[in-house]
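Thanks for coming. I will go through one structure today, starting with the chain as a whole and ending on a single residue.

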Amino acid sequence: MMRSTLSVFALCAAALPGLAAADPVKVGLLLTLSGPPAVLGEHARDGALLALKKLDGKLGGEAAEFLVTDAEGKPDIAAQKARRLVESDGADVVIGPIFSNIMAAIAGPVTEGGAFLLSPNAGPSVFAGEGCNPDIFVVSYQNDQPDQVMGEYASGAGYGSVVLIAPNYQAGMDHLGGFKRTYDGDITAELMTQLGQLDYSAELAQIAAYQPDAVYAFLPGGMGVNFVKQYQQAGLSGIPMMSSFTTDETTLPAMQDAALGMLSSGSWSPDLDVPGNAEFVDDFIAEYGRVPASYAAYAYDAVMLLDTAIAAAGTEDRDALREALRTVDFPSLRGKFSFGANQFPVQDFYLTEVVQRADGAYATSAKELVTADYVDAYADACTAE
């Protein structure tokens, strides 16, 4: 039975005491499904549900039940719902969340409650180094990584000065930190905005006054839609704009031509030439009527990882299941995929460009491989066993 709850994917990290053979594997999908950033969680939810449909409602051959929960974008509420998913609803696994501040709030309730946490998006640095947790698996990326790729690109493109802009929370700081780690030009200014801010007139006036060679933005969801539109309206189109998670399949339907040609980076795109990816994109469009974003692809991968791990190790032995999650070879939509020592991905990253597809939809397109087998900057500091 589907229940309406937070958007997290949880798998019981402990042995499942008293679980009868006929009982389903319960997975909590704890995602932000309301407010301006809801579209991000909706893509993740739909990607996970599409994976379950492809698996005929089973994980590792066992019947599965997904408990869909709205994190509401509020850390305190998300923590309460995470605790309820694990302790009351009996979630064996939690998949989520979208935002890094929510991950900081739910990591304890999920893992201390005896479940594994699989993140389909958030990859904060605090869980990648000394704060790594053997019961947390980040299936997406470490927050800094896409930005490090763009820092390298900006340096090579000869942009001598850049203005950075991001919301003032953990992911925003991580993303800008990643860009600065590899960019060798001058940072003219760092503009830290409110999370969920929609009016950027003040920041755009500052950019116009600074006249940098380029702008780099991390503004996901509705923040990015408004920023890109207002950027064009302010007459700043002559200043190149690069981004991560600002121009993607969640925002492009609203941005359309305003975003054409804008560059970003990522480890997945709808046109990535990997076995199974074209089928996933076609199935997602047929099921939901829109081109999937990376949130959908990573959530789909999280379910496929869980399915393969349960098939290999079952659900009764916590240590065996953890080891299977770490090591199994599952059919990732990114092709090559493995976990590093901190249980964050080791994967390839591409430069992507906004294009208009043959069907008229706007999407990101992988232009070139920038970095292969990319290990995040914090992995060596992880000593968790």
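Let me start with contacts. Counting those in the protein chain between residues at least 6 apart in sequence, 73% join residues at least 24 apart. Please keep in mind that this is a predicted model.

Next, the secondary structure. The protein chain has eleven helices and 16 strands.

On to overall dimensions. The C-alpha trace spans about 65 × 45 × 35 Å along its principal axes. How does the radius of gyration of the protein chain agree with that of a compact globule? For 385 residues the globule would come out near 21 Å, and the chain has 20 Å, so the two agree.

Now burial and surface. Of the 385 residues in the protein chain, 59% are buried. The chain exposes about 13700 Å², and 48% of that is supplied by carbon and sulfur atoms.

As for charge, the protein chain carries 21 positive and 49 negative charges.

Where is Ser-365 found? It sits in strand E16, which covers residues 362-374. Is Ser-365 buried or exposed? Its relative accessibility is 15%, and the cut-off for buried is under 20%, so Ser-365 counts as buried.

What does Ser-365 touch? Leaving aside residues up to four places away in sequence, its contacts are Ser-269, Asp-271, Leu-351, Thr-352, Glu-353 and Val-355. With Asp-271 there is also a polar contact between the side chains, at 2.5 Å.

That is the end of my part.

Conventions:
Residues are numbered from 1 along each chain as its sequence is written. This is a predicted model: local features need pLDDT of at least 70, side-chain atom pairs count only at pLDDT 80 or more; totals for chains, interfaces and linings use all residues. Side-chain values use heavy atoms; hydrogens and water are left out. Helices (H or I, at least four residues) and strands (E, at least two) are DSSP runs, numbered from the N terminus. The radius of gyration is taken over C-alpha atoms; the globule rule is 2.2 Å times the number of residues to the power 0.38. Buried means under 20% relative accessible area, exposed over 50%, partly exposed in between (1.4 Å probe, protein chains only). Contact means heavy atoms within 4.5 Å. Accessible areas come from the Shrake-Rupley method with a 1.4 Å probe; for residues, only the protein chains shown count as cover. Lys and Arg count as positive and Asp and Glu as negative; His and the chain ends are not counted. The place of a charge is taken as NZ of Lys, CZ of Arg, CG of Asp or CD of Glu. A polar contact is a pair of N or O atoms within 3.5 Å; within protein, one must be able to donate a hydrogen and the other to accept it, and residues adjacent in sequence count only if both atoms are side-chain atoms.
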